[in-house]
Amino acid sequence: MTAEIRTSDGELLSVKLKKVERRRRTTAFLLAAPLLFFIVFAYVIPIFQMLGRSIDNAEMNSFLTETHEVMQTWDGSEMPGEDVTSTFYYELKTAVENKYHGKIATRLNYEKGGFTSLIKKTSRKLKNFDENANFLDQFIDVHKKWGDIEYWQALKRGTDAYHFRKYLTTFDYEQKFDGSIERIPEKLRINVTLWLRTIFVAVGVTFCCFILAYPISHLLSVLPTRYSNLLMICVLLPFWTSLLVRTSSWMVLLQKQGVLNDTLVSLGFVADESRLELMYNMTGTFIAMTQILLPFMVLPLYSVMKTISPSLMRAATSMGATPFHAFRKIYFPLTYAGISAGSILVFVLAIGYYITPALVGGAKGILISNRIAYHMQQSLDWSLATAMATVLLIAVLVVYWLYNKIVGIDNMRLG
Amino acid sequence: MALPKYTEMRYRVWHYSYLVICTAVFVFLIAPLFVIIPLSFNAEQYIHFSDGMLALQPEAFSLRWYEDMIYGTKNPWGIAARNSVYYAFFSTIGATVLGTVAALGLSSRYMPYKQLIMSVLISPMIIPLIISGSAIFFSLAKLGLAATFPGIVIAHIILGTPFVVITVTATLSGFDDSITRAASSLGSTPTNTFFKITLPLITPGIISGALFAFVTSFDEIVVILFVAGGDRNLTTIPLQMWTGLREQLSPTIMAVATCLIVLSTLILIVTELLRRRSERIRGISAQ
């Protein structure tokens with residue numbers, strides 16, 4: 001039996017120690033708590049709520065609850081019976097009285113084109129309906145589209161409380177009314193192109209940044225401090241300069257009548273009538289993004305290279321390695337940490353880029369973020385926008401998780 | 001970087017081509033910024049180097065676009081600048097206070113779920129701005145704060161805190177705990193120790209974090225596109241530039257950009273001074 005060690009106030013030492021540690025844990029947590037709660041409530045929860053919009057259809061479901069319930073027994077193989085049509089009639093009547101039939105029309109139009117005019121026309125004629133006669137016939141009398149079973153199928157589908165169809169749209173697939181999943185017609189396939197282009201640009205920009213950053217980070221790390229500090233300005237000044245300033249400088253340079261083309265023409269490399277198309281395409285997006293993201297690669301690489309002792313390379317060469325061999329076997333592996341930190345940072349920033357592609361990229365150089373913004377602000381198809389956002393977010397979080405595994409979030413450094 | 005005399009020819013060639021490559025990359029990084037500055041003094045309305053400018057004739061240069069920026073009625077740069085400074089000022093205070101306090105907790109050895117909490121706190125920096133922007137907009141709209149001054153400040157605080165957390169935690173990670181223990185053993189209360197010992201030592205980190213938060217807010221464009229909701233009285237410099245750039249590249253924008261480059265140069269100088277001071281007081285020689 002071990003002797004019981006007690007503190008001066010007579011408590012067991014182990015108990016006292018636990019108390020102190022618990023108090024310290026609480027203090028530490030309480031310090032982080034205000035920001036944690038702020039970020040969780042003002043940021044994390046709103047993101048999940050927004051992403052919920054991609055599958056949420058509760059509002060529509062609440063407008064036509066009973067129709068939706070009655071339609072559950074209808075298998076959709078033949079025209080709906082009077083139970084469905086009469087319920088729909090009464091619920092549409094309520095909708096017209098409370099003036100939300102416009103919302104129903106807009107929402108159903110996403111399921112099948114032509115619903116906007118169909119609902120509007122039907123709503124106007126609703127007061128002429130004879131509530132004792134056959135409803136389906138009267139619907140068809142108002143508009144012949146009600147005789148098309150697909151509109152009833154769309155109505156059934158459009159009133160589900162939630163759905164996952166926007167995720168199919170995100171990858172250019174659609175669900176037919178018979179439940180089969182098919183790719184959409186080729187000329188409408190835009191989203192997959194954008195996803196592939198986004199990945200291509202993100203990977204390409206990361207790779208270019210790596211290729212360009214490696215030599216200069218090395219130079220910065222081996223030069224005496226007073227020279228490297230001066231050269232560091234070339235990296236830090238763009239880093240601290242507004243993104244829009246840097247984007248506009250690329251617009252000035254890359255335009256058809258821009259500085260770069262002017263210079264090439266005046267030097268005689270390019271004829272005046274065949275000026276290079278550097279902007280409003282992928283080239284522009286690519287060049288501008290590489291320059292803008294380059295500092296994010298240089299800084300982590302530099303901070304790692306700074307810690308590598310030059311004597312390691314000297315030792316390798318003195319033992320007979322050629323400079324190239326010594327670099328490949330000794331120096332390069334030592335910079336892995338910096339390479340992964342920089343690459344992941346650049347990749348994550350590039351995959352969600354919005355401003356530069358929108359200004360420099362034109363129609364051919366936009367990325368998935370621009371498409372999300374388009375659906376958020378212009379087409380107002382929020383469920384599609386949020387479905388795309390969810391996919392993008394998952395991609396980013398996977399990379400973020402990798403970053404955490406490889407580099408560790410505590411080791412993130414800025415400037 | 002001089003090569004020893006005995007260096008073989010092929011290594012000499014390799015060495016000089018390496019220096020040429022490095023120079024090219026440095027030019028690629030910095031040159032685009034310097035193209036803007038002379039163009040902002042252009043006397044003409046077009047964004048290119050006129051023959052007069054290339055010949056350095058004085059009449060080819062003018063300050064008319066700076067006059068247009070300050071007195072021009074078409075572009076409300078005045079309101080934009082005032083708003084930008086206000087948003088940046090208030091969100092910097094919010095982000096710095098919240099971020100510094102959180103960083104103090106996070107650097108403690110006893111912090112529970114450190115990795116997880118840190119990841120959550122850093123997430124606004126990692127998650128694409130388009131997602132942050134729309135999510136913050138929807139939540140602010142629900143509270144009736146969209147397109148209001150407090151709403152924009154809240155949005156910018158969210159975006160600024162990760163930078164403060166990162167810089168202050170980095171400063172604290174090099175912090176020698178024995179100093180505070182020495183203070184306590186000499187009879188100092190924890191509060192006294194914090195204000196007399198810890199705070200002065202981590203001040204450079206806090207200021208540099210605050211600078212990051214300031215610049216983040218001052219340059220922020222994606223989130224404000226959603227949150228400001230097109231209200232002209234809430235516009236900021238980046239928002240105004242964005243609108244301008246979408247229509248046409250005007251020399252006035254070049255003038256504004258030049259002012260912003262001057263501002264970033266100032267920030268760069270301040271951060272450099274801070275870094276040196278931080279190294280000095282922590283006993284790391286500046287070489």
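Helix 1 (residues 13–52) of chain A packs against helix 6 of chain B with the axes 8 Å apart and at an angle of about 95 degrees. That angle makes helix 1 of chain A roughly perpendicular to helix 6 of chain B. The terms are set by cut-offs: angles under 35 degrees count as roughly parallel, over 145 as roughly antiparallel, 65 to 115 as roughly perpendicular, and the rest as oblique. Axes are lines fitted to C-alpha atoms, for helices over the stretch in contact, and angles run from 0 to 180 degrees between N-to-C directions. Helices (H or I, at least four residues) are DSSP runs numbered from the N terminus.

This is a predicted model, in which local features need pLDDT of at least 70 and side-chain atom pairs count only at pLDDT 80 or more, while totals for chains, interfaces and linings use all residues. Residues are numbered from 1 along each chain as its sequence is written, and chains are lettered from A and ligands numbered from 1 in the order in which they are written.

On the side of helix 1 of chain A, the contact with helix 6 of chain B is made by Ala42(A), Tyr43(A), Pro46(A), Ile47(A), Gln49(A) and Met50(A). Helix 6 of chain B contributes Ile131(B), Ser134(B), Ala135(B), Ile136(B), Phe138(B) and Ser139(B). Two residues are in contact if their C-beta atoms, placed from the backbone, lie within 7 Å.

Leu129(B) is buried, with 23 other C-beta atoms within 10 Å. A residue is buried if 20 or more other C-beta atoms lie within 10 Å of its own, exposed if 12 or fewer, and partly exposed in between, with C-beta atoms placed from the backbone. Leaving aside neighbours within four places in sequence, Leu129(B) is in contact with Gly352(A), Tyr354(A), Val222(B) and Val223(B). In the loop between helix 6 and helix 7 of chain B is Ala147(B), which has a positive phi of about 55 degrees although it is not a glycine. Ala147(B) counts as partly exposed, with 18 C-beta neighbours inside 10 Å.

The view can now be widened to the contact between the chains. Chain B gives 76 residues to this contact and chain A gives 73 residues. The elements of chain B that give two or more residues to the side touching chain A include helix 1 (9–40), helix 6 (129–142) and helix 11 (237–247). Helix 1 of chain B supplies the largest share of that side, 14 residues. By class, the side of chain B that touches chain A has 60 nonpolar, 15 polar and one charged residues.

Helix 11 of chain B has several buried residues, namely Ile237(B), Pro238(B), Leu239(B), Gln240(B), Met241(B) and Trp242(B). What covers them includes helix 12 (243–254) of chain A together with helix 4, helix 9, helix 10 (222–227) and helix 12 of chain B. Asn83(B), in helix 4 of chain B, counts as buried with 22 C-beta neighbours inside 10 Å. Asn83(B) and Ile237(B) are 154 residues apart in sequence and 8.1 Å apart in space, C-alpha to C-alpha. Beyond neighbours within four places in sequence, Asn83(B) is in contact with Leu234(B), Thr235(B) and Thr236(B).

Within chain B, helix 9 and helix 12 pack at an angle of about 160 degrees, with their axes 8 Å apart. Helix 9 of chain B and helix 12 of chain B are therefore roughly antiparallel to each other. The residues of their contact include Leu201(B), Pro204(B) and Ile207(B) of helix 9 of chain B, and Ile267(B), Val270(B) and Arg277(B) of helix 12 of chain B. That contact divides into nine nonpolar, three polar and one charged residues.

In chain A, the domain assignment, which is automatic or from a database, gives domain 1 (9–51), domain 2 (61–159) and domain 3 (193–411). The C-alpha centres of domain 1 and domain 2 of chain A lie 54 Å apart. Tyr280(A) is placed in the loop between helix 13 (259–266) and helix 14 (282–305) of chain A. Phi of Tyr280(A) is near 60 degrees, a positive value in a residue other than glycine.

Conventions: Nonpolar A, V, L, I, M, F, W, Y, C, P; charged D, E, K, R; others polar.
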